[in-house]
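Trainee: I would like to learn how to read a model of this kind. Could we take it feature by feature?

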Amino acid sequence: MKYWLLKSEPSTWSWENQVKEGTSMWDGVRNYQARNNLKSMKIGDLCYFYHSITEKSVVGIVEIVKEFYTDPTDKTEKFVAVDVKAVKKLNKKVTLEQIKKNKKLKNISLLRQSRLSVMPLNKIEWDEIIKISKN
């Protein structure tokens with residue numbers, strides 16, 4: 001299993017939207033590196049759901065339930081989508097500020113490539129965010 005972080009503006013698609021929908025398509029990605037990350041996802045991989053722009057915090061966990069396919073919102077057919085299912089809301093949001101202050105997260109993609117909307121995480125990063133959310 002691999003771990004990921006998916007970013008969404010809450011005004012476009014929020015954690016609440018995801019929970020209400022249950023399973024949904026993760027579409028609209030228009031960056032080649034993010035596309036390649038979507039293509040690497042496998043059924044059962046887990047992803048943090050991150051509210052960008054206004055909240056800047058990890059709020060929940062989703063699971064990949066359908067591997068990549070052509071994004072129906074992309075007329076060029078160069079980009080892909082995956083299907084995700086809401087798994088659980090974190091006990092407490094993990095803010096970008098908390099992530100920045102944590103030495104175990106100093107190399108997390110969220111800090112190095114802040115504009116990337118789909119990024120891999122390693123197990124240590126995944127576990128550290130879970131730990132922060134429980135404190």
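Mentor: Start with the order of elements: from the N terminus on, the protein chain runs β-α-β-α-β-β-β-α-α-β-α. Helices (H or I, at least four residues) and strands (E, at least two) are DSSP runs, numbered from the N terminus. The radius of gyration is 14 Å, close to the 14 Å that the globule rule gives for 135 residues, so the protein chain is as compact as a globular protein of that length. That radius is taken over C-alpha atoms, and the globule rule is 2.2 Å times the number of residues to the power 0.38.

Trainee: What is the source of the coordinates, and how are residues numbered?

Mentor: This is a predicted model, in which local features need pLDDT of at least 70 and side-chain atom pairs count only at pLDDT 80 or more, while totals for chains, interfaces and linings use all residues. Residues are numbered from 1 along each chain as its sequence is written, and side-chain values use heavy atoms, with hydrogens and water left out.

Trainee: How many helices and strands does the protein chain have, and what does its C-alpha trace span?

Mentor: The protein chain has five helices and six strands. Along the principal axes, its C-alpha trace spans about 40 × 30 × 30 Å.

Trainee: How do I read burial, and which percentage of the residues counts as buried?

Mentor: Buried means under 20% relative accessible area, exposed over 50%, and partly exposed in between (1.4 Å probe, protein chains only). Here 45% of the 135 residues count as buried.

Trainee: And contacts: what share joins residues 24 or more positions apart?

Mentor: Contact means heavy atoms within 4.5 Å. Among contacts with a separation of 6 or more, residues 24 or more positions apart account for 68%.

Trainee: Take Y48 as a case. Where is Y48 found, and is Y48 buried or exposed?

Mentor: Y48 is in strand 3 (residues 46-51). Its relative accessible area is 0%, so Y48 is buried. Leaving aside neighbours within four places in sequence, Y48 has contacts that include W4, L6, V58, L90, W126 and I130. By contrast with this list, consider a C-alpha separation: Y48 and F79, 31 residues apart along the chain, are 21 Å apart.

Trainee: What does K88 touch?

Mentor: K88, in strand 5, touches W15, G60 and I61, not counting residues up to four places away in sequence. At 39% relative accessibility, K88 counts as partly exposed.
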